[in-house]
Amino acid sequence: NEDGVSVTTINGGSLTIFAGLGAEGDGIDSNGYLVINGGTVVSAANPAADAGLDSDLGSYINGGTVVAFGSTMDWAESKSGQVTMNLQFASQQAAGSAIQIQSEDGTEIFTFTPVGEHIRAFSGMILSSPALAQGETYHVYVDGVQMAYTGNDVGRRGPGGMHPGEMP
């Protein structure tokens, strides 16, 4: 949408987007609000300089499972209490990289392995799933390598981000 006040809403179903097969392109791009209330959404942007989820007035994930990849990421949040992870990596991750989230005791909580002909490299990611719980400690793995939080908040990009091998 282009008017700056519209709401792009996804209430269910399964949606997979591989945007920007040319030089650029966001996955889902709302120039108003973006609201995801349910379903399964996989959104991959062109890895050159675009976001898996992009909205001018706010992205809200209130339900469902969302995996969004890009080189830059807009911030997503929830008004329903569903946990949303906004991750920015210190370096670009290879196209086709498997993502795994484990609980503090090593229990697998969430796994995503991209498949298909249009898999993308990424340095930013938004993950949201009903399997994630507020107040829990999680470990993020990319292709089996544990990532570490270096103290820089997403949205305040600095020299840090998620790094392989260090304890979070």
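Tyr-33 is partly exposed, with a relative accessible area of 32%. Partly exposed falls between buried (under 20% relative accessible area) and exposed (over 50%), using a 1.4 Å probe and protein chains only. Tyr-60 counts as buried at 16% relative accessibility.

This is a predicted model: local features need pLDDT of at least 70, side-chain atom pairs count only at pLDDT 80 or more, and totals for chains, interfaces and linings use all residues. Residues are numbered from 1 along each chain as its sequence is written, and side-chain values use heavy atoms, leaving out hydrogens and water.

**Aromatic pairs**

The whole structure holds four aromatic pairs. Two of them are tabulated here.

| Pair | Ring centres | Plane angle | Class |
|---|---|---|---|
| Tyr-33 / Tyr-60 | 6.5 Å | 35 degrees | tilted |
| Phe-89 / Phe-122 | 5.8 Å | 75 degrees | edge-to-face |

Rings of Phe, Tyr and Trp (its six-membered ring) pair if their centres lie within 6.5 Å; planes under 30 degrees apart are stacked, over 60 edge-to-face, the rest tilted.

Tyr-33 sits in strand E4 (residues 33-36) and Tyr-60 in strand E7 (residues 58-61), 27 residues apart. Strands are DSSP runs of at least two residues, numbered from the N terminus. Phe-89 in strand E10 (residues 84-93) and Phe-122 in strand E13 are 33 residues apart in sequence. Both Phe-89 and Phe-122 are buried.

**Leu-132**

Leu-132 lies in the loop between strand E13 (122-128) and strand E14 (138-142). Leu-132 is buried, at 8% relative accessibility. Beyond four places away in sequence, Leu-132 touches (heavy atoms within 4.5 Å) Val-83, Met-85, Ile-101, Ile-109 and Tyr-138. The C-alpha atoms of Leu-132 and Val-83 are 5.8 Å apart, across 49 residues of chain.

Definitions and conventions:
Helix = DSSP H or I, 4+ residues; strand = E, 2+ residues; numbered from the N terminus.
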